[in-house]
Amino acid sequence: MGKLLISEIRELSLIDVIGHPSIVIWLPYCNFRCPWCQNIPIVDGEIVKEVSTDYLQELFSSARSFVECVHITGGEPTLHKETLKIIYGMAKESNLITSLDTNGSNPDVVDELIRKRLLDHLALDIKAPLNDITLYSKVTGLPLHIMNNVIKRIKRTVEIAFENKIEIELRTTLIPGLSVNDIDAIARYVSRMVNEYNNYEKCIYVLQQFIPSETIRDPYYKKQKPTSADDMVKMAQLIKEKYNLRVYVRSLDKGIIRL
């Protein structure tokens, strides 16, 4: 029996991986410092506990009748490459789909997981237009002088997913300060990648609701209102029509909506 360090486990989620009931596992720590992040206790490592591999194996085996997928998120889970390999290996033994939620900053980890046939689905947050290093610095809380390299790595992670034809969910949380033009620029990038790799059926673009909470680091974002789900649906419809993408909206009050 081995021990792994995690933050939380949810034994059933119907929204984290669209179309697949999932077990969700959160891993601690993150290399970004997004001022609007809700998961600060996980990002800062305040919530860390041991879980046995025997427990996870039993969970995966017993859940197969109602769960299809194991989804790992955080924090930034690619900071824990060996833990990912162990958990995904056990998931594969139980014939479960494997999914990773990442900020895209560690393409080598994603590449290794795919090459070892351990990863089926990638969810990647595009937090701002990838050609705007100033805005990306602001929304990630990272220094401006490193952003060219960070964005280069994010783009490489997206390319790896497309090159290997795995399922990919590219998504953007509509935080205060992101404009309609910013979302349009992100959607245009997603459309270009879909067309370049001829991968319409395996890529979706998701607009996510911003929801303020007490665990957000920056007081400015704590005071903001949740993104209107109706406004998100209108924006998603425009994106779908303009760029011919498979577009979804994920919100707390309306769940998952496919446009």
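# Cavities, pocket, surface patch and backbone

Trp36, Asp125, Ile126, Lys127, Arg171, Thr172, Thr173 and Leu178 line the largest cavity. The structure is a predicted model. A search of the whole structure finds 2 cavities of 30 Å³ or more, and the largest pocket has a volume of about 1000 Å³. The points below take the cavities, then the pocket, then the surface patch and some backbone details.

**Largest cavity**

- The volume of the largest cavity is about 50 Å³.
- Strand S8 (167-173) is the element that gives the most to the lining of this cavity, with 3 residues.
- Sorted by class, the lining of the largest cavity holds 3 nonpolar, 2 polar and 3 charged residues.

**Second largest cavity**

- The second largest cavity contains about 30 Å³ of space.
- Its lining is made by Leu135, Lys138, Val139, Ile175, Pro176, Gly177, Leu178 and Tyr221.
- Helix H5 (residues 133-140) supplies the largest share of that lining, 3 residues.
- The lining of the second largest cavity divides into 6 nonpolar, 1 polar and 1 charged residue.
- Leu178 is in the lining of the largest cavity and also in the lining of the second largest cavity.

**Largest pocket**

- The largest pocket, with its volume of about 1000 Å³, is lined by 36 residues, and the closest to its centre are Gln38, Asn39, Asp101, Arg171 and Gln208.
- Two or more residues of this lining come from each of these elements: H1, strand S5 (69-73), strand S6 (97-102), strand S8 (167-173) and strand S10 (247-251).
- The element that gives the most to the lining of the largest pocket is H1, with 3 residues.
- The lining of the largest pocket consists of 14 nonpolar, 12 polar and 10 charged residues.

**Surface patch**

- Leu5, Tyr29, Val48 and Leu79 make a nonpolar surface patch of about 330 Å².
- Where does valine 48 lie? Valine 48 is in the loop between helix H1 (40-43) and strand S4 (49-52).

**Backbone details**

- The peptide bond that runs from glycine 74 to glycine 75 is cis, and its omega is near 20°.
- Glycine 75 has its place in the loop between S5 and helix H3 (81-93).
- Arginine 117 has a positive phi, near 55°, and is a residue other than glycine.
- The loop between helix H4 (107-115) and strand S7 (121-125) holds arginine 117.
- Is arginine 117 buried or exposed? Arginine 117 counts as exposed because its relative accessibility is 70%, and the cut-off for exposed is over 50%.
- Lysine 165 is not a glycine either, yet its phi is positive, at about 60°.
- Lysine 165 is located in the loop between helix H6 (147-163) and S8.
- With a relative accessible area of 37%, lysine 165 is partly exposed.

Notes: Residues numbered from 1 in each chain as written. Predicted model: local features only at pLDDT ≥ 70, side-chain atom pairs only at ≥ 80, totals over all residues. Heavy atoms only, no water. Patch = residues over 30% accessible without salt bridge, like charges linked within 9 Å, V, L, I, M, F, W, Y side chains within 5 Å. Areas by Shrake-Rupley, 256 points an atom, 1.4 Å probe, with all protein chains shown as cover. Salt bridge = Lys/Arg side-chain N within 4 Å of Asp/Glu carboxyl O. Helix = DSSP H or I, 4+ residues; strand = E, 2+ residues; numbered from the N terminus. 1 Å grid on protein atoms, 1.4 Å probe; cavity = no way out; pocket = protein on both sides within 12 Å on 5 of 7 lines; lining within 4 Å. Points joined across faces, edges and corners; volume = space filled by probe spheres on them. Nonpolar A, V, L, I, M, F, W, Y, C, P; charged D, E, K, R; others polar. Buried < 20%, exposed > 50% of the residue type's maximum accessible area, 1.4 Å probe, protein only.
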